[in-house]
Amino acid sequence: MKATAATALREQVEKLLEAHRHSEAEQACQRLLQLAPDWAETHFLRAMLATEQRRWSAAITDLRQALAIDPEPERYWTQLARLLALTQRIPEALEAADQALQRRPRQAWSLDTLGVVYSRANQHQRAAALFRQACGLEPGNPSYQFNLASALKFLGDFESAEAAYEACLSADPDYWKAYPPLSQLRQQTPERNHRARYEALLPRARSVDAQLQLHMALAKECEDLGEPKQAFQHLLRGKSAKRASLAYDSAEDARLFSALQQYFEGAGLSGPGTENSEPIFVVGMPRTGTTLVERILSSHSQVHSAGELQNLGLAVKRLSGSTTPRLLDAETLAGLHGKSASQIGKAYVSSTRPGTGHTPRFVDKMPLNFLYVGFIAQALPKAKIICLRRHPLDTCLSNFRQLFALQFSYYNYSYDLLDTGRYYLLFHRLMQFWRQRFSGAVLEVQYEALVASAETETRRILDWCELPWEEACLHFEHNQAPVSTASAVQVRRPIYRSSVARWKHLQTELQPLQQLLLAGGVTLPD
């Protein structure tokens, strides 16, 4: 009788969760807990409710409780892996994903979810295999096809990626976020492009995000077809609508940069850092050549590419005790006064395992780590920091041209060209401050110099990292390691110069930006 009542209550909870009636589901979960506290399903359902409510820690705790009672269900391990990856606990997520795979998942959802976990851990080969299986079970699922296409793009299999993107759009022509990467996979030509197809779709792209995605795709098409001014108009149309929907205020970014400077004008972290010399941080404004330098370095036999990691920011956040939604803000900095430098250094390095540690050095190519230069200098004094610089107008234009992940508010500046210019000024002044406060801690590399004199600049980079010369670093296009950044397509080619001085094609359109930068004290080379 008790088991029958528990089963009926479980079915009730599942229906309430499906209807998003969270308050009633919570009450039903409490009754189920009283009725069957030792039943694994009780704790699993509590975890699913907590997940719906975005209470990640509670959900992970309940899943571990369910697994302690019954470690066999694959879906328990899959959900645990998903939540651990979502909260950037990658080593634990991989352990849970491996456990799920041992139980031979047969549902497409499980295979796709585990693929996402491996993708977040930069294990794109494993991810692609799982996405293929999911697509084999449900070929008409656009999300599964999109995930497969993304993994194949990261692996450099552009032809197969194009087929998967097309399969995604065949299943759902309104899967708008698939259009920009489809255009980015190859150079569009007058004989072979998507321009007319995309233009025909504009009337049905009614939401702000649909317009954004389609105009970004059209901007790429027009640019490839030699129409930079038309491309710029598409950027303006797509991005201005998105900007109007956001509550972004550049003054908030200015307050963060100011708080960072004030924190490090004082003592900063306490005590000596950890003596680990493995990390090489490649930082800078996005779209300034950070991926190029990462590929050059990871072509070296002693260097592994760890990808774009948020681990440093998470280590800082966790030590601060701050629970604010932003990874770095004034409250987080306030919580760090007197905190141990070595604790952050050790936490960061250990969080990169098991992906690192099998080569003497690894590259963390998170561009926004330029915000954390002070923390790196104090917590990991033997680490190397390389900051990419690029012509200010090209830097701002390339950020405006890029569609960053919509869920990351850190890039909200990029929906307006002048907001991008204001953010560049903050970056420029912060790098000046780091140069003064931590003299000699950062090697600055000019993108234009790297493109013009690849061997000279590569030798300079390797010398800075205390790495012996290897010819392979000049031939990074042969590097088979996955690339999961916005430059995934470009870095499969040898160094090219077409991105240098791109701003000159749009001098009239960029005049307001030019005036903003000059007024901010930035030098603009011809």
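Predicted model: local features only at pLDDT ≥ 70, side-chain atom pairs only at ≥ 80, totals over all residues.

Colleague: Why do the buried residues of H6 line one face of the helix?
Modeller: The buried residues in H6 are Ile90, Ala93, Leu94, Ala96, Ala97 and Ala100. An α-helix has 3.6 residues a turn, so residues three or four places apart point the same way. Seen down the axis of H6, the buried residues line one face because they fall within an arc of 165°.

Colleague: What covers the buried residues of H6?
Modeller: H6 itself runs over residues 90-102 and spans 18 Å from its first C-alpha to its last, close to the 18 Å expected. Its buried residues have a cover that includes helix H5 (74-86) and helix H7 (108-120).

Colleague: Which residue just after H6 takes a positive phi?
Modeller: H6 has 13 residues, 90-102. Just after the helix, phi is positive, at about 50°, in Arg104.

Colleague: Which are the edge strands of the sheet?
Modeller: The sheet is open, with 5 strands paired in parallel in the order E2-E3-E1-E4-E5. From one strand to the next, the twist averages 25°. An edge strand pairs on one side only, which holds for strand E2 (303-307) and strand E5 (442-446).

Colleague: Which residue in E3 is the bridge partner of Gly307?
Modeller: E2 and strand E3 (residues 361-364) run parallel and are joined by 4 bridges. In E3, the partner of Gly307 is Asp364.

Note on methods:
Residues numbered from 1 in each chain as written. Heavy atoms only, no water. Pairing = 2+ DSSP bridges. Helix = DSSP H or I, 4+ residues; strand = E, 2+ residues; numbered from the N terminus. Axes fitted to C-alpha atoms, helices over the stretch in contact; angles between N-to-C directions. Expected span 1.5 Å × (residues − 1). Buried < 20%, exposed > 50% of the residue type's maximum accessible area, 1.4 Å probe, protein only. Arc of directions from axis to C-beta. Contact = heavy atoms within 4.5 Å.
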